[in-house]
Amino acid sequence: LICDILRSALTNFPDFASALTSSNGPVNEEGGKKKVAVGVHLVEVTDGMRARQKESLQKLEGEKSVVEKGFSFSFNGSEDENDAQEQESSKKKQIDEESNTISVNWHDLLSSVPTHDAETGEPIPTFIICQELLDALPIHSFQKIEGGQWRERLVDVAIRDKE
């Protein structure tokens with residue numbers, strides 16, 4: 001889902017795409033733009049899903065429409081120890097004030113996603129998209145059993161004996 005959203009934003013909505021990049025921000029006293037805490041923040045607790053998301057975003061980064069627009073991604077908090085050099089390289093790219101680099105960050109909790117710029121204290125515009133929200137809502141599910149009776153289907157944790 002995030003790849004579809006970013007693909008659309010990067011190719012069709014230049015102002016929105018620009019707001020995600022590290023070159024976005026208010027002009028400072030020297031006339032340059034200050035970096036603001038923008039980018040993409042994903043809440044995901046499993047390393048496996050983070051790796052799949054990162055792989056999908058890397059494929060998106062190589063798509064012709066994204067390459068032609070000059071956008072790239074830097075990945076932070078992907079929990080992959082082998083990415084230390086890549087993250088260091090990404091940080092250097094972020095410092096480039098003219099960069100069209102979008103920082104992608106992973107968090108374990110929604111509460112750790114930044115809501116205010118660390119330097120200015122200004123609120124950061126935020127869009128929250130919950131792909132699996134409906135899956136997590138409680139529902140009552142029923143099934144028809146032998147004899148034509150209806151029973152509520154329940155989910156429980158199976159406890160296994162170690163014997």
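Is W106 buried or exposed? I looked that up to start: W106 has 6% relative accessibility, so W106 counts as buried (buried is under 20% relative accessible area, exposed over 50%, partly exposed in between, with a 1.4 Å probe and protein chains only).

**Before going on.** I noted that this is a predicted model, where local features need pLDDT of at least 70, side-chain atom pairs count only at pLDDT 80 or more, and totals for chains, interfaces and linings use all residues. Residues are numbered from 1 along each chain as its sequence is written, and side-chain values use heavy atoms, leaving out hydrogens and water.

**Rings.** I found three aromatic pairs in the structure (ring centres of Phe, Tyr or Trp, the latter by its six-membered ring, within 6.5 Å; planes under 30 degrees apart are stacked, over 60 edge-to-face, the rest tilted). F73 and F75 have ring centres 6.3 Å apart and planes at 45°, so this pair is tilted. F75 and W106 are stacked, at 6.1 Å centre to centre with 25° between the planes. This pair links distant parts of the chain, with F75 in strand β2 and W106 in strand β3, 31 residues apart (strands are DSSP runs of E, at least two residues; helices are runs of H or I, at least four; both are numbered from the N terminus). Ring pairs join F73, F75 and W106 into a cluster. I also checked F75: its relative accessibility is 2%, so F75 counts as buried.

**A neighbour.** I then listed what V104 touches (heavy atoms within 4.5 Å). Leaving out residues up to four places away in sequence, its contacts include L57, F73 and F75.
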